[in-house]
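Please look over the model shown here before reading on.

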Amino acid sequence: MIIPTLGCPSKCAYCWSSEVGSPIMSIDTIKETVEWLKSFRNDPVTFTFHGGEPLLAGAEFYRKTLPLLTQDLQHLTPNFALQTNLWKMTPELADVLAEYKIPIGSSLDGPQELNDLQRSEGYYERTMKGYEIAKEHGLQVQFICTFTSYSVKFKEDIFNYFRDNGLTLKLHPALPSLRSDEPDKWALSPQEYGELLVYLMDKYLENMNQIEVRNISDYCRCVLTGRGTVCTFVDCMENTFAVGPDGSIYPCYRFVGMPEFIMGNVRDHPSQQDLAVSPAGRRMRQYKEYVDTECKGCKHIRYCRGGCPYNAIAPTNGEIKGVDPHCLAYKRIFDEIGDRFNKEMMGSFGLGMMGSQPGAGTGSRPGIMSLMQKMISK
Ligand code: SF4
Ligand code: SF4
């Protein structure tokens, strides 16, 4: 992950990751990153530009950075992604990003009024303007929807908005903001998040041909394959790193700007071992070991792995006092998928001889096996 700046032109009410006056990464820092990575590891890499708002770095930054990362690190077969609110998208920027076919993730919390209420006034229009430019240049954009303790009351409207506009729904629960006086004001509680996931699973099953709810697909894939498929459900430590605007290396973009989580700096070209023995590296390793003990009795441990370490240890300044607080939500949805799957398997086995189809759910709603079959056939 490359974090060109922590600055952001928006002031979303629940934001936890932007910082006013944050500097922009220099090309020299990119060059040092390339030098560092030349001999760091040999496996394929995906560079995700994140922020703050990464487009604040401007077209010239990407025009210089993308060739450096691509040509000098050919042996790592680099892929790219970018997470942006799209406000700063220009035809010039879109041209550079399109040349490298960079998939874009953006943020939209639902219909305009709701989105602007919890992000900021005028947010929706600015994002849509950037979206149009991105589309005109052939860029693929997917939106992440943050559900807060407020917007969850309008979950049906939000679902319908994404479905009716032909958008894939990927959701994210609002986290307690560590930079706010009222950290929990917008945060979605684990109970609410668990119920929301089950609700969205049912809505997804009812509307399977019109929308994809990405998180539900991911949870199903975990249960089906027994392996985590997104960062929250694998041991991300030692495989994910983030480079902040000044070249500091962190375990993930979420920690950028928190000095106690700095593992090293690209200018020192640290080895994997150097990062692992840094205090932040050791803390991440301790979390992994803690999960091995604490989640030992959980049937989901293989593909959950204790959830996100940031959620678990950032609010306690790195002290390990528990696993990811969203554990309750993860259990709720993993249990629901597993139970439905088993019930449908048993049902199709018992009734199959009488002509029942596997994948049948309750009433007119397709079952979870239909969803899994759809995923397999993809
Ligand atoms: S700390 Fe959390 S968000 Fe970051 S890579 Fe790990 S699981 Fe993903
Ligand atoms: S669901 Fe909870 S207990 Fe189970 S592995 Fe995940 S975090 Fe641990």
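With 378 residues, a compact globule would have a radius of gyration near 21 Å, and because the protein has 21 Å, the value agrees with that expectation. The coordinates come from a predicted model, and the C-alpha trace spans about 70 × 45 × 45 Å along its principal axes.

**Overall fold**

- The protein contains 14 helices and eight strands, and 40% of its 378 residues count as buried.
- Among the contacts in the protein with a separation of 6 or more, 68% are made by residues 24 or more positions apart.

**Strands E1, E2 and E3**

- Strand E1 (46-49) and strand E2 (residues 79-83) run parallel and are joined by four bridges, and within this pairing Thr48 has Ala81 of E2 as its bridge partner.
- E2 also runs parallel to strand E3 (residues 104-107), to which two bridges join it, and here Leu82 stands opposite Ile104 in E3.
- Two crossovers involve E2: E1, H2 and E2 make a right-handed β-α-β unit, and E2, helix H3 (residues 91-99) and E3 likewise make a right-handed β-α-β unit.
- In a regular strand the side chains alternate between the two faces of the sheet.
- In E2, Phe80 and Leu82 make up the covered face, whereas Asn79, Ala81 and Gln83 make up the uncovered one.

**Glu53, in a loop**

- Glu53 lies in the loop between strand E1 (46-49) and helix H2 (58-71), which are both parts of the β-α-β unit that E1, H2 and E2 make.
- Glu53 counts as buried because it has 23 C-beta neighbours inside 10 Å, where 20 or more are needed for that class.
- Leaving aside residues up to four places away in sequence, Glu53 touches Gly7, Cys8 and Pro9, and also Thr84, Asn85 and Lys88.
- Glu53 and Pro366 are 313 residues apart in sequence, and their C-alpha atoms are 40 Å apart in space.

**Gln373, in a helix**

- Gln373 is found in helix H14 (residues 368-377), and it counts as partly exposed because it has 14 C-beta neighbours inside 10 Å, a count that falls between the limits of 12 or fewer for exposed and 20 or more for buried.

**Surroundings of ligand 1**

- The residues that surround ligand 1 are Cys231, Thr232, Cys236, Thr240, Cys252, Arg254, Cys308, Pro309 and Tyr310.
- By class, this shell around ligand 1 holds six nonpolar residues, two polar and one charged.

- Around ligand 2 are Cys295, Cys298, His300, Ile301, Cys304, Gly306, Gly307, Val323, Asp324, Cys327, Tyr330 and Lys331.
- Helix H11 (301-304) and helix H13 (327-352) each supply at least two residues of this shell, and H13 provides the largest share, three residues.
- The shell around ligand 2 divides by class into seven nonpolar residues, three polar and two charged.

Conventions. Residues numbered from 1 in each chain as written. Chains lettered and ligands numbered in written order. Predicted model: local features only at pLDDT ≥ 70, side-chain atom pairs only at ≥ 80, totals over all residues. Contact = placed C-beta atoms within 7 Å. Near = placed C-beta within 6 Å. Nonpolar A, V, L, I, M, F, W, Y, C, P; charged D, E, K, R; others polar. Rg over C-alpha atoms; globule rule 2.2 N^0.38 Å. Pairing = 2+ DSSP bridges. Right-handed = clockwise from strand over helix to strand, strands pointing away.
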